[in-house]
Amino acid sequence: MSRQLMVAGNWKMNKNLIEAFTLASEVISKAKKLSGAVEIVLAPPTPYLHTINSMTKDLSYVKVAAQNCHFEQNGAFTGEVSAEMLNSMQLAYVIIGHSERRKFFGEHNNILSRKVSAAINEGLKVIFCCGEPLDIREANTQQGFVQKQLEESLFHLSVEQMEKVVLAYEPVWAIGTGKTATPAQAQSMHYFLRNLIRAKYTDKLADNCTILYGGSCNPSNAASLFENVDVDGGLVGGASLQSDKFIQIVNALSN
Ligand code: PGA
């Protein structure tokens, strides 16, 4: 089994130019002291992608992700960024399906399916986010909810394409709220997700698929989340905005 461990920092719409380069420099210099067992992914705002990607060139295990892309290759879509553009900057990853994109920008499963295809066709790897809102969790129907998200946005991919996907389980009620899923809740959902992939694709793909947990992940709770067999790392928002906290989370996965 060759499952890649990963901690990705989603900076969202935070940091001005100077702050962004300072944060990236700090993370890169701290990452140089690590073993490289964990892939570190930085997802800064779009205007900083190119420069921060260039800064990571000499560290094979620090990669850069865009937070979004459009589903068309180019055209009259003012303000948008295409997967082709991201690929031309040699970015490794793009995050697709984040709950904030779903909520504030109306990105539904079928739009996300087109974005996933656009990214994969351009050779980008995708960090695909899924997760249920609070009312779905309270009704205990979260498994069916995330299953639909995967079926409608990911399961059109071939085995070879699906190998380029990292899943991130992010319960919406835990994002930016300080409320984390318990390690048992995370493990249970990650196990369920892995078995969905097993049923649709192959054992090998399911066993090798990296599945991240996201939602108020921080240095205090990271180790207990990561010690679960199906939790392969984290997608971190707030705590990725300070290099010390972010590296502590990376260390929680390395140890
Ligand atoms: P949070 O965000 O760590 O601030 O909860 C996680 C995410 O939205 O990816």
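User: Leaving aside its neighbours within four places in sequence, which residues is histidine 190 in contact with?
Analyst: This is a predicted model, and in it histidine 190 is part of helix H9. Its relative accessibility is 0%, so histidine 190 counts as buried. Setting aside neighbours within four places in sequence, the residues in contact with histidine 190 are Tyr169, Ile211, Leu212, Tyr213, Asp230 and Val231.

User: OK, on to threonine 177. Where does it lie, and is it buried, partly exposed or exposed?
Analyst: Threonine 177 sits in the loop between strand E6 (165-169) and helix H9 (183-200).

User: Which backbone oxygens does the side chain of threonine 177 reach?
Analyst: One is at 2.9 Å, and it belongs to tryptophan 173. The side chain of threonine 177 also reaches a backbone oxygen at 3.3 Å, that of alanine 174.

User: How many Å apart in space are threonine 177 and glycine 215?
Analyst: Along the sequence, 38 residues separate threonine 177 from glycine 215. In space, going C-alpha to C-alpha, the two are apart by 7.8 Å.

User: Let's look at helix H1. How does its reach compare with what's expected?
Analyst: H1 covers residues 17-31, which is 15 residues. At 1.5 Å a residue, the expected figure is 21 Å. From first C-alpha to last, H1 is close to that, reaching 21 Å.

User: What caps the N-terminal end of H1?
Analyst: Look for a side-chain oxygen 3.2 Å from the backbone nitrogen of isoleucine 18. The residue that supplies this oxygen, and caps the N-terminal end of H1, is asparagine 16.

User: Why are the buried residues of H1 on the same side?
Analyst: The residues in question are Ala20, Leu23, Ala24, Val27, Ile28 and Ala31. They sit on the same side of H1 because the arc they cover around the axis is only 130°.

User: What do those buried residues of H1 pack against?
Analyst: Two of the partners are strands, E2 (38-43) and E3 (62-66). The buried residues of H1 also pack against two helices, H2 (49-55) and H12 (243-254).

User: Which residues is serine 243 in contact with, leaving aside neighbours within four places in sequence?
Analyst: Serine 243 lies in helix H12, a helix that the buried residues of H1 pack against. At 4% relative accessibility, serine 243 counts as buried. Its C-alpha is 9.1 Å from that of serine 25, 218 residues away along the chain. Leaving aside neighbours within four places, the contacts of serine 243 are Leu23, Glu26, Val27 and Lys30.

User: Where is glutamine 90, and is it buried or exposed?
Analyst: Glutamine 90 is in the loop between helix H3 (83-88) and strand E4 (93-96). Phi there is near 60°, a positive value in a residue other than glycine. With 57% relative accessibility, glutamine 90 counts as exposed.

User: What is phi of lysine 12 near?
Analyst: Lysine 12 is in the loop between strand E1 (5-10) and H1. For a residue other than glycine, it has a positive phi, near 50°.

User: Which element gives the most to the lining of the largest pocket?
Analyst: The largest pocket has a volume of about 560 Å³. Its lining has 21 residues, and those nearest the centre are Thr46, Gln67, Asn68, Arg101 and Phe105. Giving the most to that lining, with four residues, is H4.

User: Which elements give two or more residues to the lining of the largest cavity?
Analyst: The largest cavity has a volume of about 40 Å³. Residues lining it include His98, Ser99, Arg102, Cys129 and Cys130. The elements giving two or more residues to that lining are helix H4 (99-105) and strand E5 (125-130).

User: Last one: is asparagine 109 buried or exposed?
Analyst: Asparagine 109 is found in helix H5 (residues 109-121). Leaving aside neighbours within four places in sequence, it is in contact with Arg102, Lys148, Gln149, Glu152 and Ser153. Its relative accessibility is 13%, so asparagine 109 counts as buried.

Methods: Residues are numbered from 1 along each chain as its sequence is written. This is a predicted model: local features need pLDDT of at least 70, side-chain atom pairs count only at pLDDT 80 or more; totals for chains, interfaces and linings use all residues. Side-chain values use heavy atoms; hydrogens and water are left out. The expected span of a helix is 1.5 Å times one less than its number of residues. Buried means under 20% relative accessible area, exposed over 50%, partly exposed in between (1.4 Å probe, protein chains only). The arc is that of the directions from the helix axis to the C-beta atoms. Contact means heavy atoms within 4.5 Å. A polar contact is a pair of N or O atoms within 3.5 Å; within protein, one must be able to donate a hydrogen and the other to accept it, and residues adjacent in sequence count only if both atoms are side-chain atoms. On a 1 Å grid over the protein atoms alone, a cavity is a set of points where a 1.4 Å probe fits but cannot get out, and a pocket is an open set with protein on both sides within 12 Å along at least five of seven lines; lining residues have an atom within 4 Å of a point. Grid points are joined across faces, edges and corners, and a volume is the space filled by probe spheres set on the points.
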